[in-house]
Structure formats: structure tokens, C-alpha cells
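I opened this notebook to record what I looked up in the structure. The entries follow in the order in which I made them.

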Amino acid sequence: MRKKDFKTYVDQACRAAEEFVSIYYDTMDKRRQALTRLYLDKATLIWNGNIVSGLDALNNFFDMLPSSEFQVNMLDCQPVHEQATQSQTTILVVTSGTVKFDGNKQHYFNQNFLLTAQSTPNNTVWKIASDCFRFQDWASS
Amino acid sequence: MGDKTIWEQIGSSFIQHYYQLFDNDRTQLGAIYVDASCLTWEGRQFQGKAAIVEKLCSLPFQKIQHSITAQDHQPTPDSCIISTVVGQLKADEDPIVGFHQMFLLKNINDAWVCTNDMFRLALHSFG
């Protein structure tokens, strides 16, 4: 891929990532019951080392998780080259910031998502295939 | 606790190898990247094995030591592996600082290489 094309490719991926991340944390904080709509049916999540696999388990998990207040301070994003994926457009996103769950102290967190594009004639919908979340101070929390 | 899954085995093996190379001789890191690899280092993008190795070798410290607090490994729908690391590092005589790094690993010709690498220091947190 020529350098110019690559940069355009990255810019497009990052815009999509920023938009997705904004929706994700807003939904997590304010419309928690709708959160799993952002995940693929077979999506997997590892939450502070705990594996949550598939929509049923994800629904259950997010239902039990206390209410949250997320603040995202950093976002990094990369498109995944066609060579690393068979077909769909894929983006890797890493976020970090702070979060306070009801009844718990505030933590710094890191989260990464593998997003895949589901394209319809009118638009592209991004969904989470893989999700990994950890407190930065996980060892001492 | 049962045996590790195959992706945990591959991921943890890769992680161990990566930080061992990084801490002892960064010039050898080229072997784990390919020409299609991307690195995001503290927000800056580097594309391709050569550019990535150049960046890593030009980092301004003599001594570096990584210590891993936690690692997570997940398979992706297309048989890649995402490995995530949270830990601390010490460069030269600088204070210990937290870091977070994520790797996307792909099997190419029977070898697991890194196609995507994203690194950030956790500058707000102290130990």
C-alpha cells in the first residue's frame, strides 16, 4: 500500500473508532441495557481477567455490573491490514482513562476492542468482536 | 485451574519472547514484525518492519526492564490472537512507570508474527 493510501486508511479508521468509542461509553454509562447491541453474537470479553463469551453471557454480565461513570482520556487506533483478516474491514482500538463504578473507588483503566464492519448499502455499522478491559492498578485493587 | 488454551500458550510465549528481546537487545526485534506491520508508539504511527525497528532502536535509553503485571489473550474470528499486557517498566535511572501494550498476532508460514502493536505509558499512575 502506498504511503498516502495508508495514511488515508488510518485516518478513516480513526474517525470510525472515535465515533464508536463515544457511543460505546455513553451507552455503557447511560443506556446500559442497550450495550450488547454493540457486540457480535459470538463476541468475547475479558474483564479484569474474567472471560465472558457470547451474547447471553454478555447480557448477564453487563446487567450485574454496577452503574458506571467513564472518562476516556486517550484513544489509539489502527486499521488491520487485509492480510491479517480474511474479509471484513477490521479496526483495533485502545482506550484509557478513569472509571468509577457505583460503590467502588475510581480506577485508571485500559480497554481494547477489535471492531468489525458490517456494511449495508446505506452505511457501515461497527460491532465488537473482541473486548479486553483491565484496571491499570489491577494488581493492587 | 485447567490447562492453558492454545491462544494463551502462544500469546504468553510471544510476550515472554518480546520483552526478553526488548530488554536485552532491541535490534533483534525485527524478526517478530513483517512488512505489513503497524506500530503506534505513544500516539505516533510507524508502518513496516524497517520503520518499526528503527523507532524501537532509537529510543533514548541504555537500560530497560519490563515487569508484567497481567496479560490477557483472546482468539479473533479469523484465527489471529490479541495479546494485551499491563505492567511497569524502568528505563535507565528513571522512576518506574506503568505501561499498557496490545499486540495482534498472526500465523504466517508457521511462525507467529506481530502485525499490529500499540504501546502507551501510563504516565498518571505511580507504581
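**Entry 1: the sheet of chain B.** I found six strands of chain B in an open sheet of mixed pairing, ordered S2-S1-S6-S5-S4-S3. I took strands as DSSP runs (E, at least two residues) and helices likewise (H or I, at least four), numbered from the N terminus; two strands pair if DSSP finds at least two bridges between them. Strand S2 (44-47) and strand S3 (64-75) of chain B stand at the edges with a single partner strand each, so one side of each has no neighbour in the sheet. Neighbouring strands of this sheet are turned by 15 degrees against each other on average, direction ignored.

I noted that this is a predicted model, in which local features need pLDDT of at least 70 and side-chain atom pairs count only at pLDDT 80 or more, while totals for chains, interfaces and linings use all residues. Residues are numbered from 1 along each chain as its sequence is written, chains are lettered from A and ligands numbered from 1 in the order in which they are written, and side-chain values use heavy atoms, with hydrogens and water left out.

**Entry 2: pairing and helices in chain B.** I looked up S3(B) and strand S4 (residues 81-91) of chain B, which run antiparallel and are joined by eleven bridges. His73(B) has Ser83(B) in S4(B) as its bridge partner. Helix H2 (residues 49-57) of chain B packs on the sheet, touching S1 and S2 of chain B, and its direction makes about 45 degrees with that of S1(B). Contact means heavy atoms within 4.5 Å; axes are lines fitted to C-alpha atoms, for helices over the stretch in contact, and angles run from 0 to 180 degrees between N-to-C directions.

**Entry 3: the sheet of chain A.** I recorded an open sheet of six strands in chain A, in the order S2-S1-S6-S5-S4-S3, with mixed pairing. The twist averages 20 degrees from one strand to the next. S1(A) and S6(A) are parallel and share five bridges, and Ile46(A) stands opposite Cys132(A) in S6(A).

**Entry 4: between the chains.** I found 32 residues of chain A in contact with 36 residues of chain B. The two chains bury about 2,900 Å² between them, 59% of it on carbon and sulfur atoms; this is the accessible area (1.4 Å probe) lost on being put together, summed over both parts. Two salt bridges are counted between chain A and chain B, each a side-chain nitrogen of Lys or Arg within 4 Å of a carboxyl oxygen of Asp or Glu. I looked up the salt bridge between Arg134(A) and Asp72(B), at 2.8 Å, N to O.
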